[in-house]
Amino acid sequence: MKKIIFLILLIFLLLGCEKEPIKLGFIADISTKQSQLGVDARNSVELYINKINLEGGINGRRIELVIKDDGSDSDMASEAHKAFKEEGVNFVVGHLTSDMSEAVLKSQGEDLMFLSPSMSTDTLSENDDFFIRTSPINSRQGKIMSDYCHMNSINDIVVIYDTSNEEYTKNLMDYFRDFYENDKFKLKAIIPFNSKKDNLEDVANQVTQLDPSTVFMISQANDTAFLTQTIKRTHDIQLLSVSWSMTHEIIESGGSAVEGGLFIGIYVPEENTESYNKFYEEYTEKYNYPPSFISAITYDVMVILEEGLKNSKDMTPQSVKEAIVERDFNGLQESFRIDEYGDNDKRYLIYELQDGHFIPLREWEK
């Protein structure tokens with residue numbers, strides 16, 4: 001009996017000594033038709049947290065994931081931020097779309113840090129705040145696509161962009177237009193649409209009436225796939241698009257219509273690293289489809305956060321920020337640097353969709 005009592009007391013003692021978990025928030029759109037981006041990022045966060053916890057956590061503290069849905073709605077996002085603070089969450093992976101930038105700017109601070117894999121609006125650049133990201137900024141996307149069009153004499157372009165994520169799409173469209181237009185090159189037309197309200201058939205009809213040779217679609221995967229298929233029923237076009245479309249949904253939904261499309265995506269090296277190959281296998285085995293670009297750069301966010309937490313003085317946003325900025329990190333595919341403002345020096349690359357795979361066009365890596 002004494003031994004049993006001793007064992008019970010020992011168990012209670014050990015349980016009492018267990019360190020409090022670190023609550024990590026994740027927020028993205030995981031409920032609307034645009035949710036594939038959020039689902040892919042969430043999957044990557046879950047994989048990484050499982051790895052950390054299996055290895056004993058951060059300085060002996062396990063990670064507890066708190067997931068919230070922003071529904072691509074700023075008001076929902078702001079309410080979720082309040083809930084994070086009330087629940088003791090100090091670090092949030094997200095958001096993913098730049099239309100959440102105003103909500104982030106209002107909520108970030110010494111009690112809440114955001115680490116985004118894909119909010120690329122230039123509005124958030126060079127701010128001394130509590131926002132860290134692992135995607136390059138929009139202006140770089142506009143420049144590389146403009147350069148490609150100039151060098152290939154593509155001068156019959158209609159741009160369509162989704163105003164439901166205007167902070168990203170219009171921002172990128174404006175940069176592309178500024179870089180593209182000169183004495184020789186002019187855009188044929190610019191067509192804004194709202195994917196939450198507008199009939200995409202009508203948008204496609206507007207494009208076909210203009211009869212362009214090339215359409216630059218700044219939109220998410222499902223809409224890009226639908227618009228391309230609809231336009232190609234009557235008109236043969238060259239599709240240009242952006243990383244927002246680079247999920248497996250565009251391959252599944254777009255089929256042959258999107259084959260040969262060109263996309264601006266995050267740079268990857270000539271050969272996959274051992275770390276990426278391992279991640280690819282684990283992700284595919286767990287979720288039954290391969291990781292997308294957002295999965296990889298979300299993994300890089302987790303690399304940053306893990307290092308920041310491990311090397312911070314007290315695991316507050318301020319001390320974690322100090323442990324992150326002006327440092328080099330080894331991501332899944334390459335090393336990169338986070339500067340004093342939480343921005344990074346990653347690059348973009350143009351990809352061609354060939355046989356259901358995004359193939360880098362290597363002449364654009366410089």
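Let's start with β13, the strand covering residues 348-354. Of its 7 residues, 5 are buried, so the strand is mostly covered. Keep in mind that what you're looking at is a predicted model.

## Who sits beside it?

A quick bit of background: strands of a sheet pair through backbone hydrogen bonds, and they can do so either parallel or antiparallel.

Which way do β10 and β13 run relative to each other, parallel or antiparallel? They run antiparallel, and 5 bridges join β10 (residues 262-266) to β13. If you want a spot to look at, find Y348 in β13, which is the bridge partner of I266.

Next comes β14 (residues 357-360), which also pairs with β13 in the antiparallel sense, this time over 4 bridges. Here L353 stands opposite F358 of β14. The two strands β13 and β14 make a hairpin, with 2 residues between them. Check out D355 in that turn: its phi is positive, at about 50°.

Now zoom out. β13 belongs to an open sheet of 7 strands, and the order is β7-β6-β8-β9-β10-β13-β14, with mixed pairing. Which strands are at the edges? They are β7 (189-193) and β14, each of which pairs on one side only. Going from one strand to the next, the twist averages 30°.

Let's finish with a single residue. L115 has its place in strand β4 (residues 113-116). Why does L115 count as buried? Because its relative accessibility is 1%, and the cut-off for buried is under 20%.

So what does L115 touch? Leaving out residues up to four places away in sequence, its contacts are V92, V93, G94, I132, V301, I304, L305 and I324. As for M246, L115 is 131 residues away from it in sequence, and the two are 21 Å apart in space, C-alpha to C-alpha.

How values were computed
Residues are numbered from 1 along each chain as its sequence is written. This is a predicted model: local features need pLDDT of at least 70, side-chain atom pairs count only at pLDDT 80 or more; totals for chains, interfaces and linings use all residues. Side-chain values use heavy atoms; hydrogens and water are left out. Buried means under 20% relative accessible area, exposed over 50%, partly exposed in between (1.4 Å probe, protein chains only). Two strands pair if DSSP finds at least two bridges between them. Axes are lines fitted to C-alpha atoms, for helices over the stretch in contact, and angles run from 0 to 180 degrees between N-to-C directions. Contact means heavy atoms within 4.5 Å.
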